[in-house]
Each structure stands twice: as structure tokens, then as C-alpha cells.
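Dear colleague,

Please find below the structure that I am handing over to you.

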Amino acid sequence: QAGGWEQGVAGAPGAVRHGGKWLLYYGGGQGIGLATGDGTAFARTGTEPVLGVAASGWDAGAVPRSPAPLALPDGVRLFYEVYGSGEPTVLLLPTWSILHSRHWKMQIPYLARHCRVLAFDGRGNGRSDRPLEPSAYDEREFAADALAVMDATDTVTATIVGFSLGAQRALLLAAEHPTRVDAAVFIGPAYPGGGEPLPERSVHA
């Protein structure tokens, strides 16, 4: 214990606390963690899945259930995780292919305490496959992947959440399968349309 940091917590070796917030490290490797003042935490290293601890006030809602990768009809395998339980179900959609599902890491622990959460690595990143054909990355493929994850998890309907390019996939999913979507949330949406861009935003260095 030094500089305000407290090492370890019952049931969670490798955890540290600073300023009333916990960070969790897994297996001695450097991890990336999130914690809140009430003791909810999760973390992931470069090779290990999210780890949560249900002991001494730690919330198990952030512990994912990670089934075997989902095999799609086109041969692509999708990695997905299920957090929490109950209703409603919130489906967090992938954004640009340069990011995997960990870009939702700040939202999942909170959401999982209140509802069931689905997240998956979009094709081309994370633990999902990386098909070589450009056509495999059509926006409708991502929307179809989201629907496949819902089917694999017996999710009849869900509230879908899209960030940036994920909003385009959310629009496609909601428009083409409206009975499967309870509500849609768009965060900083990027999608075709919406009028002409400002001239100064059309200049590229």
C-alpha cells in the first residue's frame, strides 16, 4: 500500500484500489480494468476473456458467458458474449472494423446490472474471422450477423445500440426486421444521407 493504492481484495487477488475505485489485473499480466465505487469490475488482458469476481461485494453481472464461436452460413465464425440476465435485452452492435467489442467496455458493467446484454466482435476484428472478400464486409452482412447472434441466444427482440458506423447497421436491422427491434439508440451516428456535407469537411489533406 503506497500513494493511496491498496493492493488486493478478498476473492480478487491481483486487484488494486485507488480513490475508492477498483482495477482488476488477471494472472499477473497487465490488464485493462474498469470499476465503480460499488465494487463492480471487469478486466481483460490481450489473450484472456473478461474476468469478473463474485466475492466480497463484487458484482457477477460483468462476467460474460462466452459460447463457442457462431458459425455463419458463409463460413465466417463470430465471437460473441452474453452478460447479465432478465429483460430487456440490449444488443451492442460493432462499429468500424478497426475496433472490436471491447469499445463497449465502459458500458457493459453498468448495463449488465440492469438487463441482459449481448456484444460481439464484428467480422474482421477481435476473435471473429477475417474473410478476405470485400463483399463480406457489406453493411447488410453486419446487420445479418447481429440477427444471427440474436437467434443463437434465443433473443426474440432487443434494444439495439449503434455507435458511429454501427448506426447504419442498426438502421438496416430495424428497417428489415422491425418485429425483432424494441428500440434503437444511435450514438454519434455515421450513415449515408442526411444532406450535403459542409464544404470545409470535404477537403482532405
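In α2, Glu139, Arg140, Phe142, Ala143, Ala146 and Leu147 make contact (heavy atoms within 4.5 Å) with Gln168, Arg169, Leu172, Leu173 and Glu176 of α3. Six of the residues in this contact are nonpolar, one is polar and four are charged; here Ala, Val, Leu, Ile, Met, Phe, Trp, Tyr, Cys and Pro count as nonpolar, Asp, Glu, Lys and Arg as charged, and the others, Gly among them, as polar.

The model is predicted: local features need pLDDT of at least 70 and side-chain atom pairs count only at pLDDT 80 or more, while totals for chains, interfaces and linings use all residues. Residues are numbered from 1 along each chain as its sequence is written, and side-chain values use heavy atoms, with hydrogens and water left out.

The axes of α2 and α3 come within 9 Å and cross at roughly 65° (lines fitted to C-alpha atoms, for helices over the stretch in contact, with angles from 0 to 180 degrees between N-to-C directions). α2 is therefore roughly perpendicular to α3, a term that covers 65 to 115 degrees.

Both helices also lie against strands; helices (H or I, at least four residues) and strands (E, at least two) are DSSP runs, numbered from the N terminus. Helix α2 (residues 139-152) lies across β8, β9, β10 and β11 (158-163), at about 135° to β10. Helix α3 (residues 166-176) lies across β9, β11 and β12, at about 150° to β11.

The five strands form an open sheet of mixed pairing, ordered β8-β10-β9-β11-β12, where pairing requires at least two DSSP bridges between two strands.

Yours sincerely

Conventions
Angles under 35 degrees count as roughly parallel, over 145 as roughly antiparallel, 65 to 115 as roughly perpendicular and the rest as oblique.
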